[in-house]
Amino acid sequence: MNTSPDIRDIKLEQITLDGVSTRVATLGTGPTVLLIHGWPECWYCWRSQMVALANAGYKAVAPDMPGFGETDPLPDMKDYNAVRIGRFMLALANHFGGTPATFIAHDWGAINSWNFALQYPDAVRRLVILSVPLRPSTGVAPTEAFKRHFGDRFFYQLYFQEPGKAEADFDKDPRAILERLYCSPDTPRAMPELGKTLEGGGGWLERLGKPLEQPGWLTDEDLNYMEETFRRSGFAGGLHYYRNIDRNWELMAPYADQKIRCPTLFIAGTRDNVLARAGRDELDQMMTPRVPDLRMELLDGYGHWIQQEAPEAVSKAIVHFLADTAPREDNAAF
């Protein structure tokens, strides 16, 4: 009889973390690993890694972050900043085994985890970061830098800044934005309705060509689950993280020269647009001054949704890294 954990064994529970009613998915027993999702995602994006971690002897814990899924939104848009989210993540770690904790994170989860490790260096044992590298701090606020760089060209993060605008667009038809985002780099698309400049108004939907086929890693069941998730939660909470990028730039300025002291694994697809075509050498030069214990896995040909596009490769890299960096007490648990 096969008793290995699988996705059907994932348990969903509602707990309170730092005053926030939070949905958490858990699977497995052993040393705890915390998985922090990005936008537009929820705990479900980690389903494959949770199974792999549980089968490797870990307890995988994946919350819906504030404003996503079945976790309550925060009271105010300004609450979605690095300090407030850091407190939430500390409460998460303390609830599930205490600190120092191991974090695995993707997209906005990666940003939040970089910031958390800088604010609470003693609370982080190991980091696995997917897709979003730690970039040097600049002397210009992010939105101003985007305006200078993009000029009259459309950029989604600037479009997100006006409260009420993007969420009204996405909430009308969650499936439309999700199916346009959850694509592989080579997914064929229809011609977009609008071009790259701001002419013609419109938002992001009109500039993302509708996919002509669904990528093989995304089933109808997966897409249906995410669609229903965002129909219930709406998109506003997730977009509020973007609306705090300038505030985060201010809040994290005191940590601009601080190093990430823990062992860190960075995983990304070579065709992830977030990398802006940076290769291994550029990423190494970008991060190692502040992340001295850095290992890197670049998966050739894959895009942004790396843990879902290449679940086996990502899970294998994570489990190997955790085993290679396991403290003595973790090994004693097996």
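Gln-161 lies in the loop between helix 5 (156-159) and helix 6, in a model that is predicted. With a relative accessibility of 22%, Gln-161 counts as partly exposed, because buried would require under 20%. Leaving aside residues up to four places away in sequence, Gln-161 touches Thr-143, Tyr-242, Arg-243 and Ile-245.

| Helix pair | Angle | Axis separation |
|---|---|---|
| Helix 7 (residues 174-181) and helix 8 (residues 220-233) | about 135° | 9 Å |
| Helix 2 and helix 3 (residues 108-119) | about 80° | 9 Å |
| Helix 1 (residues 47-55) and helix 13 (residues 311-324) | about 40° | 9 Å |

Helix 7 and helix 8, with an angle of about 135° between them, are therefore oblique to each other, and helix 7 passes helix 8 in a right-handed crossing. On the helix 7 side the contact uses Pro-174, Arg-175, Leu-178 and Glu-179, which meet Leu-223, Asn-224, Met-226, Glu-227, Phe-230 and Arg-231 in helix 8. By class, this contact of helix 7 with helix 8 has five nonpolar, one polar and four charged residues. Helix 7 is mostly covered, with seven of its eight residues buried; these are Pro-174, Ala-176, Ile-177, Leu-178, Glu-179, Arg-180 and Leu-181. The buried residues of helix 7 pack against helix 6 (165-172) as well as against helix 8.

Helix 2 and helix 3 are set at about 80° and are therefore roughly perpendicular to each other. Here Ala-82, Val-83, Ile-85, Gly-86, Met-89 and Leu-90 of helix 2 meet Asn-112, Ser-113, Asn-115, Phe-116 and Gln-119 of helix 3. The residues of this contact divide into six nonpolar, five polar and no charged.

Helix 1 and helix 13 pack at an angle of about 40°, which makes helix 1 oblique to helix 13, and helix 1 passes helix 13 in a right-handed crossing. The contact is made by Ser-48, Gln-49, Ala-52 and Leu-53 from helix 1, together with Pro-311, Val-314, Ser-315, Ile-318, Val-319 and Leu-322 from helix 13. By class, the contact of helix 1 with helix 13 has seven nonpolar, three polar and no charged residues.

Key. Residues are numbered from 1 along each chain as its sequence is written. This is a predicted model: local features need pLDDT of at least 70, side-chain atom pairs count only at pLDDT 80 or more; totals for chains, interfaces and linings use all residues. Side-chain values use heavy atoms; hydrogens and water are left out. Axes are lines fitted to C-alpha atoms, for helices over the stretch in contact, and angles run from 0 to 180 degrees between N-to-C directions. Helices (H or I, at least four residues) and strands (E, at least two) are DSSP runs, numbered from the N terminus. Angles under 35 degrees count as roughly parallel, over 145 as roughly antiparallel, 65 to 115 as roughly perpendicular and the rest as oblique. A crossing is left-handed if the near helix is turned anticlockwise from the far one by less than a right angle, and right-handed if clockwise. Contact means heavy atoms within 4.5 Å. Ala, Val, Leu, Ile, Met, Phe, Trp, Tyr, Cys and Pro count as nonpolar, Asp, Glu, Lys and Arg as charged, and the others, Gly among them, as polar. Buried means under 20% relative accessible area, exposed over 50%, partly exposed in between (1.4 Å probe, protein chains only).
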